[in-house]
Amino acid sequence: EYGEFQTFQHYFKRINLSVRSMVDQQGVSDHEIHIKYEDQEKINQFARYNSKLLDIKDELVTKNKEMQNLNDATQDVEELELSEDSFPFQLGEVYVEMTADQTKEMIDTYKGKLNDEIKALNNKTTELESLMKGLK
C-alpha cells in the first residue's frame with residue numbers, strides 16, 4: 001500500500017522537478033507554470049490505477065483470510081472425524097448436518113473457487129502494476 005504511494009510520489013516529483021528546471025532556466029515564476037495536458041492525464045490515470053490496485057489488495061487480504069478459515073475448518077473436521085458422525089455446515093444462513101466426507105468435499109469446493117478468485121485478483125494486480133510502470 002505504501003509502496004504504490006511512494007511510486008506515485010516519485011512520478012509526481014519527476015514532473016515537479018522538470019517544471020522547476022524549466023522555471024530556473026526560463027525565469028518563469030511558480031504561478032506561471034503549466035503542466036502539459038498529457039502529463040496531467042498520466043497523473044490522473046496513475047491515480048486511478050493506484051486506487052484500483054489498493055482495492056484489489058484489500059480484497060486479496062479478505063480472500064486470504066477466508067482461505068485460512070477454510071483450511072482451519074478442514075483441519076477441525078479431520079480432528080473430529082473419529083468422534084463425530086455428522087457436522088453442521090453453514091449454507092447461507094442455514095446449518096445442514098453432513099458427514100465428514102461431505103463436509104470435506106464442500107470445503108474443498110469452496111477452496112477451489114476461492115483459489116480461482118485469488119489467482120484472478122493476483123493477475124489483475126500484476127496487470128495494473130505493469131500499466132502503472134508504463135506511465136512513469
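Select threonine 125 first: leaving aside neighbours within four places in sequence, threonine 125 is in contact (heavy atoms within 4.5 Å) with Leu53, Ile56, Lys57 and Leu60. The model is predicted, so local features need pLDDT of at least 70 and side-chain atom pairs count only at pLDDT 80 or more, while totals for chains, interfaces and linings use all residues. Residues are numbered from 1 along each chain as its sequence is written, and side-chain values use heavy atoms, with hydrogens and water left out.

Threonine 125 belongs to helix α3, residues 100-135. Helices (H or I, at least four residues) and strands (E, at least two) are DSSP runs, numbered from the N terminus. With a relative accessible area of 7%, threonine 125 is buried; buried means under 20% relative accessible area, exposed over 50% and partly exposed in between, with a 1.4 Å probe and protein chains only.

Next, select helix α2, residues 37-80. Its 44 residues reach 64 Å from the first C-alpha to the last, close to the 64 Å expected at 1.5 Å a residue; the expected span is 1.5 Å times one less than the number of residues. Among the buried residues of α2 are Leu53, Ile56, Leu60 and Thr74.

Within α2, move to threonine 74. This residue is buried at a relative accessible area of 12% and touches Ile107 and Lys111, not counting residues up to four places away in sequence.

Finally, display strands β1 (residues 87-91) and β2 (residues 94-98), which pair in the antiparallel sense over 5 bridges. Two strands pair if DSSP finds at least two bridges between them. Glutamine 90 has tyrosine 95 in β2 as its bridge partner. The two strands form a hairpin with 2 residues between them, and glycine 92 in the turn has a positive phi of about 70°.
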